[in-house]
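Hi,

Here is the model I promised to pass on. Have a look at it first, and then read on for what turned up.

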Amino acid sequence: MTIASSSPPSRLPLGGAEGARTEPGTDRVPGGSNGGDGRLAAVFIAPALVGFVVFLLWPTLRGIYLSFTRFNLLTPAEWVGLANYDRMIHDPIFWESLKVTVEYVVINIGVQTVSALAIAVLLQRLTQSPLLRGIVLTPYLMSNVVAGLVWLWILDNQLGIGNEIIAGLGFDRIPFLADETWAIPTIALINVWRHVGYTALLLFAGLMAIPNDMYEAAKVDGASEWRMFWRITMPLLRPVLAVVLIMTVIGSFQVFDTVAVTTAGGPANATNVLQFYIYQSAFGRFQFGYASAMSVALLVVLSAITVLQYRLTRAGQTDLG
Amino acid sequence: MAAVTTTTPTTTRVRPTGRRPLSPGRVLAWTAMGAIVLVTLLPFYWILRTALSTNSGLAAHASDPLPVDPTGTGFARALGLESTKDAIAQGGAGGGLKFWRYLLNSVIVSTLVTACQIFFSAMAAYAFARLRWRGRDQVFALFLAGLMVPTIFTLLPNFVLIKELGLIDNLLGIALPTMFMTPFAVFFLRQFFMNVPHEVEEAALLDGAGKVRIFFRVLLPMASAPVLTLAVLTYITSWNDYFWPLMVSYSDSSRVLTVALAIFRAQTPQTGVDWSGLMAATLIAALPMLALFGFFARRIVSTISFTGIK
């Protein structure tokens, strides 16, 4: 068990050569065993590294490769150059699905961020009850499938309680998931319901880092809650908000489950989000090459958004926690 | 306790949190909070109410707040306990639902993913945080970059790979891609290990413990709180995953609950959706996670609240 601490000097080339230098995050190991831990580290890192290379790095490279091929799973991939990308650019359904996805993301992120912020501030300024925090998190325990099914039922045109209430108030029933205009906002709001509590808790974590003294001092000066929110909370929360925003936008772009169980892309492609279209191209029509090309497009869009957000919010200056 | 509060009354009583005058603002804020709680919890009640009703009753009294014709047949159908004839008579599908099989599949996949992923990620995190080796920072930067690759991107190539490995329609095929690590788990645990004071390790080293022993006997037990939170969240994520299992499983042998639920919904009989059975099924599918959360809620909520885990 004492392999590492008694490591011989022969291990020096593996990182211990500059023994006197202490890098940040590096351990200063006492007792003369200042040799590198190369062999032990290799053992410790091996499973994770295998998983990383096999299921993350390699698939990423392979996905890019497949996007230049015609591939139906049954016969070997055949190199076709930019044909898939050419097709994509001229595919109206692709552009439509990109548009629908963006529409979904804008509604989902807009409503979710504002609501999560409101919930987080209420949890900070009104009460710090762990019970309320727990309640707010409960929808997150549901799968997207369950959340989708429940809301499908609540919003059902004929028997759903949502429409019963709307009808009871004297309005016309709304075909939430069966109507081209309503479907995407509805799906976006269903996912807000499931995720907003989690986002709120992440923001709450950021709020807890703001010293209470600042609020006390502001209160002594006669500042209102509203003013404190804009002058203290928002400026100090900004870095955390930025990180949370980047994460939720990336997650939001990957909407699939809710669409799959509620509308399956319909009506008339109105909810055919990019992921759903990719899935259909691959598993419905066995066009893996084309599906891969669209995945690459999605990756490019996401990377661009991430970089842009990072720049705009200067999120790199701090981190969560 | 009492002594502390009496000796320092000024510091603890600066902001009396107990009774504050109810200003209009506070009333408004509490109303908003109440509305949030209502929107959060009502769907859960509606699942229960629907699951305990009969389909014919639901059609007749759609807005009745209580279960209509209270019955357990929805649950019986969801669990596959009702005969085909009865199920069809109740507005359900005739096809059998092997609920226990799906439940077991979900348990196997989630347990495998959680146990292995956390363990391997913790080992890697330790190597990144506490061991010194050449190329460490470069390898870690690579892992961090992995954090940016959206899961959708790796799904198709991973499917091809799993197919080549002959693991389609196999529980191991569902578990494998997330079994070894996620960049986030490594990142999160590394953060924790970096913050453990060096003295802890030095003391153990002086006692003659090796680094392997230090990891298993000292650091890993110290990390039990973050590890537990991470484990519960990983379990929930894995349990709720739909897209990947949908790709990989084709038959009952590897079908997990989320996929089974979507299929249950798709098996629409001629009369319309079996809402009672479907809501009973969703409740049964969600119950294990609600129980798991109920058990660890306090710890998880405070870990997320104070560290911003993600």
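Where is the place of A:Phe286? A:Phe286 sits in the loop between α11 and α12 (288-313) of chain A; helices here are DSSP runs of H or I with at least four residues, strands are E runs of at least two, and both are numbered from the N terminus.

Before the rest, some housekeeping. This is a predicted model, in which local features need pLDDT of at least 70 and side-chain atom pairs count only at pLDDT 80 or more, while totals for chains, interfaces and linings use all residues. Residues are numbered from 1 along each chain as its sequence is written, chains are lettered from A and ligands numbered from 1 in the order in which they are written, and side-chain values use heavy atoms, with hydrogens and water left out.

At 41% relative accessibility it counts as partly exposed (buried is under 20% relative accessible area, exposed is over 50%, and partly exposed is in between, with a 1.4 Å probe and protein chains only). A:Ala264, in the loop between α10 and α11 of chain A, also has a positive phi, near 50°, and is partly exposed at 42%. That loop holds A:Pro267 too, and the peptide bond from A:Gly266 to A:Pro267 is cis, with omega near -15°.

Now the annotation on chain A. An unreviewed UniProt entry puts "domain: ABC transmembrane type-1" at residues 98-309; UniProt positions are in the numbering used here, feature names are shortened, and annotations may be inferred rather than shown by experiment. In the model, that span is 76% helix and 0% strand, with its end C-alpha atoms 19 Å apart. The entry also lists "transmembrane region" stretches, including 40-61 and 236-256. Residues 40-61 are 100% helix, with end C-alpha atoms 29 Å apart, and residues 236-256 are 86% helix, with ends 34 Å apart. As for helix α5 (residues 144-154) of chain A, 11 of its 11 residues are buried, among them A:Trp151 and A:Trp153.

How do the chains meet? 105 residues of chain B are in contact with 108 residues of chain A, contact being heavy atoms within 4.5 Å. About 9700 Å² is buried between them, with carbon and sulfur atoms giving 74% (the accessible area, 1.4 Å probe, that two parts lose on being put together, summed over both). There are 2 salt bridges between the chains, meaning a side-chain nitrogen of Lys or Arg within 4 Å of a carboxyl oxygen of Asp or Glu. One of them joins B:Glu164 and A:Arg62 at 2.6 Å, N to O.

Two spots in chain B are worth a click. B:Ile162, in helix α9 (residues 151-164), is buried with a relative accessible area of 0%. Its contacts include A:Phe55 as well as B:Leu167 and B:Trp244. B:Asp274 lies in the loop between α16 (257-266) and α17 (275-307) of chain B and counts as buried because its relative accessibility is 6%. The side chain of B:Asp274 makes a polar contact of 2.7 Å with that of B:Asn55 (a pair of N or O atoms within 3.5 Å; within protein, one must be able to donate a hydrogen and the other to accept it, and residues adjacent in sequence count only if both atoms are side-chain atoms). The B:Asp274 side chain also reaches the backbone nitrogen of B:Gly277 at 2.9 Å.

Cheers

Conventions
Lists of a residue's contacts leave out its neighbours within four places in sequence.
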